[in-house]
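This report looks at how side chains and backbone angles can be read from a protein model, one group of features at a time. Please keep the sequence and the structure in view while reading.

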Amino acid sequence: MTSANISLRPVDEGGLAVMERFLADPEAASAFQWYGWSDARRWRRQWSEDRLLGDDRSYLMVVRGDERVGFVAWRKVTPTPTCHYWNMGITLLPEARGQGVGTEAQRQLVRYLFAHTLVMRVEADTEVENLAEQRALEKAGFTREGVLRSVAYRNGQWRDGVRYSILRGELP
């Protein structure tokens with residue numbers, strides 16, 4: 001998938017190194033994505049098993065030109081025994097933030113998920129204070145649904161989140 005010099009690609013060995021930076025470097029992860037030190041090789045183990053493309057959880061690299069600048073991920077949410085939808089997220093390196101890369105990558109991921117799965121809904125969550133991500137989601141066509149109180153614990157305190165969604169047929 002490619003548009004505006006931004007593309008989504010399966011994770012390769014080089015992509016794993018970029019992803020591992022987000023677990024080992026607080027500055028790469030950003031204030032909203034740093035949850036403390038954790039197992040930096042967890043993605044590598046999963047990649048050796050299924051190349052990070054599973055039935056319930058998957059990852060794709062965000063590439064600008066030939067440069068890997070982050071990744072998108074989605075996971076299955078099953079609210080009832082008869083259906084599911086996707087919850088998605090994005091993480092970008094500092095040099096790719098604030099340039100529309102996130103908006104375009106998230107738009108491409110939504111198009112991909114609606115084209116290749118039967119889901120009716122894709123949702124995304126972010127912290128209330130992460131205004132840049134909220135703007136990116138809105139530009140990508142998502143609708144703000146509401147605030148989730150004290151939904152995430154980061155850096156010593158509970159934080160409120162905001163849930164966004166987009167339904168099949170609402171793509172801009």
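A residue is called buried if its relative accessible area is under 20%, exposed if it is over 50%, and partly exposed in between, with a 1.4 Å probe and protein chains only. Lysine 76, with a relative accessible area of 30%, is therefore partly exposed. The model is a predicted one, in which local features need pLDDT of at least 70 and side-chain atom pairs count only at pLDDT 80 or more, while totals for chains, interfaces and linings use all residues. Residues are numbered from 1 along each chain as its sequence is written, and side-chain values use heavy atoms, with hydrogens and water left out.

**Salt bridges**

Side chains of opposite charge can pair when their charged atoms come close. A salt bridge is counted here when a side-chain nitrogen of Lys or Arg lies within 4 Å of a carboxyl oxygen of Asp or Glu, and twelve are found in the whole structure. Three of them are set out below.

| Pair | N to O distance |
|---|---|
| Glutamate 20 and arginine 44 | 2.9 Å |
| Aspartate 56 and lysine 76 | 3.5 Å |
| Arginine 64 and glutamate 67 | 3.9 Å |

Helices (H or I, at least four residues) and strands (E, at least two) are DSSP runs, numbered from the N terminus. Glutamate 20 is buried, since its relative accessible area is 13%. Arginine 64 also counts as buried, at 19% relative accessibility, whereas glutamate 67 is partly exposed, with a value of 36%. Salt bridges with shared partners also join Arg121, Glu123, Asp125, Glu145 and Arg163 into one network.

**Glutamate 123**

One member of that network, Glu123, is found in strand β6 (residues 121–127) and counts as buried, at 2% relative accessibility.

**Aromatic rings**

A pair of aromatic rings is described by the distance of the centres and the angle of the planes. Rings of Phe, Tyr and Trp (its six-membered ring) pair if their centres lie within 6.5 Å, and planes under 30 degrees apart count as stacked, over 60 as edge-to-face and the rest as tilted. The structure holds seven aromatic pairs. In one of them, the rings of tryptophan 43 and tyrosine 59 have centres 6.0 Å apart and planes at 65°, so the pair is edge-to-face. This pair links helix α3, where tryptophan 43 lies, with strand β3, where tyrosine 59 lies, 16 residues apart. Tryptophan 43 is buried, at 6% relative accessible area, and tyrosine 59 is buried as well, at 7%. Phe22, Trp43, Tyr59 and Phe71 form one aromatic cluster.

**Backbone angles**

Most residues other than glycine have a negative phi.
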